[in-house]
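Good morning, and thank you for coming.

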Amino acid sequence: MAGPDYGALGATFKITRVLQVICLLACIGMAANFISEMVQNNDTPSKELVGTLSVTCIAILYCLITVILHIDNILPHLLNTAADGLMLIALTVVAVVIGKPLSYLNCKVVGSASVAASAYQLGATLKSTVQNKGAVGMEYGNWISANKTTCYEMKAIWGLGIALCKSVPPKDIA
């Protein structure tokens, strides 16, 4: 049950979908882990991570459905192209939202007495306090700058999100 043989384009479609599922599973696991840690600390999960988790769960279901339809040779290519475009837009938004604070954060200096890291953490703390009007809770900027491991894992989610934006498979297989 390998599905229809569309030559190199069909093989590329299948390989790309498998790589997308692997990236999406990694993103889902890391985002869910962060949300779990936030809940365990009695914090409200950040809307950035909840959005990332939501979009990646929808994207992985979409990938699995299109692979099944491709194998059964009932995948409408024009609709698939349009839906892939919508997934591209959603994943691009996730990559931009997740990457805004990450692009300025140097994970090597997180946790040290670096002036840049301290300034970033102070700015994020002030922004969090103003936005939450004094409510207790950890803002996304504070969470990603809490330690090196968290910073690197968030940069991994960001990088995988960017990779997913660039891995749109070729269309017009038929």
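Cysteine 151 counts as buried, at 0% relative accessibility; buried means under 20% relative accessible area, exposed means over 50%, and partly exposed lies in between, with a 1.4 Å probe and protein chains only. This is a predicted model, in which local features need pLDDT of at least 70 and side-chain atom pairs count only at pLDDT 80 or more, while totals for chains, interfaces and linings use all residues. Residues are numbered from 1 along each chain as its sequence is written, and side-chain values use heavy atoms, with hydrogens and water left out.

To which residue is cysteine 151 joined by a disulfide? The partner is cysteine 107, with an S to S distance of 1.8 Å; a disulfide is a pair of cysteine sulfur atoms within 2.5 Å. Cysteine 107 lies in the loop between helix H3 (77-102) and helix H4 (115-132), and cysteine 151 in helix H6 (residues 148-166), so the pair ties together parts that are 44 residues apart in sequence. Helices here are DSSP runs of H or I with at least four residues, strands are runs of E with at least two, and both are numbered from the N terminus. The torsion about the S-S bond is about -75°, so this disulfide is left-handed. Cysteine 107 is buried as well, with a relative accessible area of 3%. The structure holds one disulfide.

Let us turn to other cysteines. Cysteine 27 is buried, at 2% relative accessible area. Cysteine 63 is likewise in no disulfide, and its nearest cysteine sulfur, that of cysteine 23, is 9.9 Å away. Cysteine 63 counts as buried, with 4% relative accessibility.

Now to the overall picture. Of its 174 residues, 39% count as buried. Its accessible surface comes to about 9600 Å², and 69% of that belongs to carbon and sulfur atoms; these areas come from the Shrake-Rupley method with a 1.4 Å probe, and for residues only the protein chains shown count as cover. Among contacts between residues at least 6 apart in sequence, 77% join residues at least 24 apart, where contact means heavy atoms within 4.5 Å.

Two packed helices are described by the angle between their axes and the distance between the axes. For helix H1 (residues 8-40) and H6, the axes come within 10 Å and cross at roughly 150°. Axes are lines fitted to C-alpha atoms, for helices over the stretch in contact, and angles run from 0 to 180 degrees between N-to-C directions. The crossing of H1 and H6 is left-handed, a term used if the near helix is turned anticlockwise from the far one by less than a right angle, with right-handed used if clockwise.

Which residues of H1 and H6 meet? On the H1 side they include Cys23, Cys27, Met30 and Phe34, and on the H6 side they include Met154, Ile157, Leu160 and Leu164. The residues of this contact divide into twelve nonpolar, four polar and one charged. In that count Ala, Val, Leu, Ile, Met, Phe, Trp, Tyr, Cys and Pro are nonpolar, Asp, Glu, Lys and Arg are charged, and the others, Gly among them, are polar.

Leucine 88 is placed in helix H3, and its C-alpha atom is separated by 7.9 Å from that of leucine 164, 76 residues apart along the chain. Leucine 88 counts as partly exposed, at 31% relative accessibility. Methionine 87, also found in helix H3, is buried, with a relative accessible area of 17%. Leaving aside neighbours within four places in sequence, methionine 87 is in contact with Ile58, Ala59 and Tyr62.

Finally, the loops. Most residues other than glycine have a negative phi. Asparagine 42, in the loop between H1 and helix H2 (47-71), has a positive phi of about 60° and counts as exposed, at 71% relative accessibility. Asparagine 73, in the loop between H2 and H3, also has a positive phi of about 60°, and is partly exposed at 46%.
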